[in-house]
Amino acid sequence: MELIQHRNLVPEAWATLSYDQWADDLRSICGSFNPKVMARGDGVLGAAKRIDVCGMEFAHVSNDLDCVRRDWDDIRKDAQEHLFLIVQIEGSCGLEHSGQQNVLDVGECILVDSTRPTTFYFGGRFSNHLSLHLPRQLMYSDSRIHFDVARKLFASDPMALMLQALIAKIMMTAESDSASAHLRQLMFTATRQAFHSSRESEPLHALHDSATKRLQMVDLLIDRHLTENDLSARWLATRLGISIRTLQQDFQGMGVTCTTVIRDKRLRLAKEKIERLKEHRTGGTIAEVAYSAGFNDISYFNRSFKELFDCSPTDLLKGAAP
């Protein structure tokens, strides 16, 4: 339980912040979330702080709010996509995510997807948790291991203890340390294994009763097959057993096309790979990154990358990105 007893995570006393300050701090770290206080004019006991260590980003979030919500409008505002590995440090909180409801107690862990609506329930009771921000595309695309979000690991679960021990080690390791890159990779692998899915295959037929459920399944299929050449709207429609017209209409309801979603996810994966190239100085090329992310046309890749991120892949690699 070394992580839970970490003195920087459990101070002797907490200060009270104004609601606006606390909410602004949370959004600057985690993206678009909507906190709600118990009564108008209440301050917030606790803080939302960013911790950068070992080349990884954490959010240390404590509060006595009523709840914190993130809906589809909030998700559309955020360009970044993460998986949040949450460890409860003090108190407890309710969590509604991906159709599942859980209560997190001290020492328990859960994986939350930033691309799906989420509500944290506190009911005015103090809660303190640590959230590790994992790059979503890398987590799905670098492994064939299927893992679950919204599944709680109990405090006594050896996998939960392993994750806590690894996070504690990471928090003591500087980014300049020669072991930092290995620790980051170990964290990715350990998280996938800890939440490894026991389901052999997705019950696709059970998800046809609404566009929202179909799109949730499509999103998961895209993430798991993102770099494969066969990935397309037609391939997805076939996997789901629906017409391509139905799939296109589902995406039109969100104001996007299936092709655009696939392209943008591949571009975000490529961006993460380029940032790792820059960090590790491994000598890889932009072309190799483009091909590994699922692109076959380098000119199209370069043009699309600049349109989405307002800088070229080469500029990002050389450190000239805005």
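**Close-up 1. Asp-250 and Arg-214 join their side chains in a salt bridge, 2.7 Å from N to O.** A salt bridge here is a side-chain nitrogen of Lys or Arg within 4 Å of a carboxyl oxygen of Asp or Glu. The pair links distant parts of the chain, 36 residues apart. Asp-250 sits in helix α8 (residues 244-252), Arg-214 in helix α6 (residues 211-224). Helices are DSSP runs of H or I, at least four residues, numbered from the N terminus. Both Asp-250 and Arg-214 are buried. Buried means under 20% relative accessible area, exposed over 50%, and partly exposed in between, with a 1.4 Å probe and protein chains only. This is a predicted model: local features need pLDDT of at least 70, side-chain atom pairs count only at pLDDT 80 or more, and totals for chains, interfaces and linings use all residues. Residues are numbered from 1 along each chain as its sequence is written, and side-chain values use heavy atoms, with hydrogens and water left out.

**Close-up 2. Arg-263 pairs with Asp-264 in a salt bridge.** Their closest N and O atoms are 3.0 Å apart. Arg-263 has 23% relative accessibility, so it counts as partly exposed. Asp-264 is buried, at 14% relative accessible area.

**Close-up 3. Within helix α9 (residues 258-280), Lys-271 and Glu-275 lie four residues apart.** That spacing is about one turn of the helix. The two form a salt bridge, with 2.9 Å between the closest N and O atoms. Lys-271 counts as buried because its relative accessibility is 18%. Glu-275 is at 34%, so it counts as partly exposed.

**Close-up 4. Salt bridges with shared partners build one network.** Its members are Glu-81, Asp-113, Arg-116, Arg-136, Asp-219, Asp-223, Lys-265 and Arg-268. The structure holds 16 salt bridges.

**Close-up 5. Helix α4 (residues 158-170) packs with helix α5 (residues 180-194) at about 165 degrees.** Their axes are 10 Å apart. Axes are lines fitted to C-alpha atoms, for helices over the stretch in contact; angles run from 0 to 180 degrees between N-to-C directions. The two helices are therefore roughly antiparallel, a label for angles over 145 degrees. Their crossing is left-handed: the near helix is turned anticlockwise from the far one by less than a right angle. Contact means heavy atoms within 4.5 Å. From α4, the contributors include Met-159, Leu-163 and Lys-169. From α5, they include Leu-183, Thr-191 and Gln-193. By class, the contact has eleven nonpolar, two polar and one charged residues. Ala, Val, Leu, Ile, Met, Phe, Trp, Tyr, Cys and Pro count as nonpolar, Asp, Glu, Lys and Arg as charged, and the others, Gly among them, as polar.

How values were computed:
Parallel < 35°, antiparallel > 145°, perpendicular 65-115°, else oblique.
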